[in-house]
Amino acid sequence: MVGGGEGAFIGAVHRQAARLDGEIELVCGAFSSDPERSAATGRALSLPAARCYPDYLTMFRAEAGLPADERMQFVAIVTPNHLHLPVALAALEHGFHVLSDKPATVSLEECRRLAAALRASGRLYALTHPYAAYPLVREAAARIAAGELGTIRKVVVEYVQGWLATPLERTGHKQASWRLDPARAGPSGCFGDIGVHAFQLAEHVTGLEVTEICCELNRVVPGRALDDDGTALLRFDNGAHGVLLASQISVGEENALTLRVYGEAAGLEWRQEEPNTLLVKRDGRPAERIRAGNAYLGPAAQQATRLPAGHPEGYIEAFANLYREFAAAVRAFEAGERTAPALPGIREALRGMAFLETALAASASPAKWHRLEAPA
């Protein structure tokens, strides 16, 4: 692991998810840019002192020199955004697979560099969009792919939080500070942090691609250098229309990610705060309440479920699905199979960065609609 030291929320989430199924062992780390803090984190995680490294380059060099049955196999990147590219490039150069937190990089140009390095390396790469790994999100995607909704007409995706409704970054709050610092977060705050999740979820579940964006990004709290709120109108490649709303200044909201998809025959609704329920809506009939863990669910949902119906599964379990599937991909790779894992990967990374750059350009421009070009 690179990053994820003391006080890092997402690093702890990654470690819990990786451990859940007993298939992955944390063997080494460079957990902080401060070597002493990195060593302290490693001690707290019961790692050998020799494998608690002062920086990621030292780690990759040392691990690459170990026997094959001892060295690390892949790296989890859980740093602030500006380090995602250099860490990934160094890992690929030293022959390691990469599982990276999103966004993949801080610009589309950087993401193209990553894609080129990935192709040259022949290694595996996945991006942690855990919401796509919830059982009922996979059920929704399968039902849409099977034509249950008919032609998709409207997509509404919202990701709203309230934790940045005050200038928390000025109090020394670690998570707020780096997310609102352009040098570490990149050119976008709210849209780069949670807007890309909403975008990926909308495309993943519908199987459609956004082709045009009309966007307004806002800096609601005075003095902020990056957006903390935004709304985008979307046009999809089948002619459907959509709305994407992302906000971190919506007072009282916790982690309200909601997706609603409407076709000509039916609609679907899923809420991350109630992840074990999927609503199917049809004209003139009560909404059908689909529940996780039941035998009537399709194979994709069944494979992502660990517990019987009525036993709640949530964020950690969805995150763990990504780790479990990446572990399977690594094993297949080492057995001589070179098939890319069926996980969010470099394609989603490129589209996410294209979305961000198009949204930023649209917000700064008087022109209404901006083309989202499919990145090469």
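A: A residue is called buried when its relative accessible area is under 20%, exposed when it is over 50%, and partly exposed in between, as calculated with a 1.4 Å probe on protein chains only. This is a predicted model, in which local features need pLDDT of at least 70 and side-chain atom pairs count only at pLDDT 80 or more, while totals for chains, interfaces and linings use all residues. Residues are numbered from 1 along each chain as its sequence is written, and side-chain values use heavy atoms, with hydrogens and water left out.

The salt bridges come first, a salt bridge being a side-chain nitrogen of Lys or Arg within 4 Å of a carboxyl oxygen of Asp or Glu. The count by this rule is 21 salt bridges. One of them joins the side chains of E148 and R282, with N and O 2.8 Å apart. E148 lies in the loop between helix 6 (135-145) and strand 5 (152-160), and R282 in the loop between strand 11 (277-281) and strand 12 (288-291), so the pair ties together parts that are 134 residues apart in sequence. The helices (H or I, at least four residues) and strands (E, at least two) named here are DSSP runs, numbered from the N terminus. E148 is partly exposed at a relative accessible area of 25%, and R282 is likewise partly exposed, at 23%.

Another salt bridge pairs D193 with R179, whose closest N and O atoms are 3.2 Å apart. This pair links distant parts of the chain, with D193 in helix 9 (residues 190-206) and R179 in helix 7, 14 residues apart. Both D193 and R179 are buried. In a further pair, E269 and R271 bring their closest N and O atoms to 2.8 Å; E269 counts as buried at 9% relative accessibility, whereas R271 is partly exposed at 40%. Salt bridges that share partners also join E139, R143, E148, R282 and E288 into one network.

Turning to the loops, D181 is found between helix 7 (174-179) and helix 8 (182-185), where it is partly exposed at 22% relative accessibility. Its side chain makes a polar contact with that of R184 at 2.9 Å, a polar contact being a pair of N or O atoms within 3.5 Å; within protein, one must be able to donate a hydrogen and the other to accept it, and residues adjacent in sequence count only if both atoms are side-chain atoms. Apart from neighbours within four places in sequence, D181 is in contact (heavy atoms within 4.5 Å) with G186 and L226.

T305 occupies the loop between helix 10 (299-303) and helix 11 (315-334), and T305 is buried, with a relative accessible area of 17%. The side chain of T305 reaches the backbone oxygen of A301 at 2.7 Å. Beyond four places in sequence, T305 is in contact with P135, G293 and E313.

Finally, the cysteines: a disulfide is taken as a pair of cysteine sulfur atoms within 2.5 Å, and the count by this rule is zero. The sulfur of C111 lies 19 Å from the closest cysteine sulfur, in C215, which is too far for a bond, and C111 is buried at 0% relative accessible area. The sulfur of C215 has its closest cysteine sulfur in C214, at 7.6 Å, again too far for a bond, and C215 also counts as buried, at 8%.
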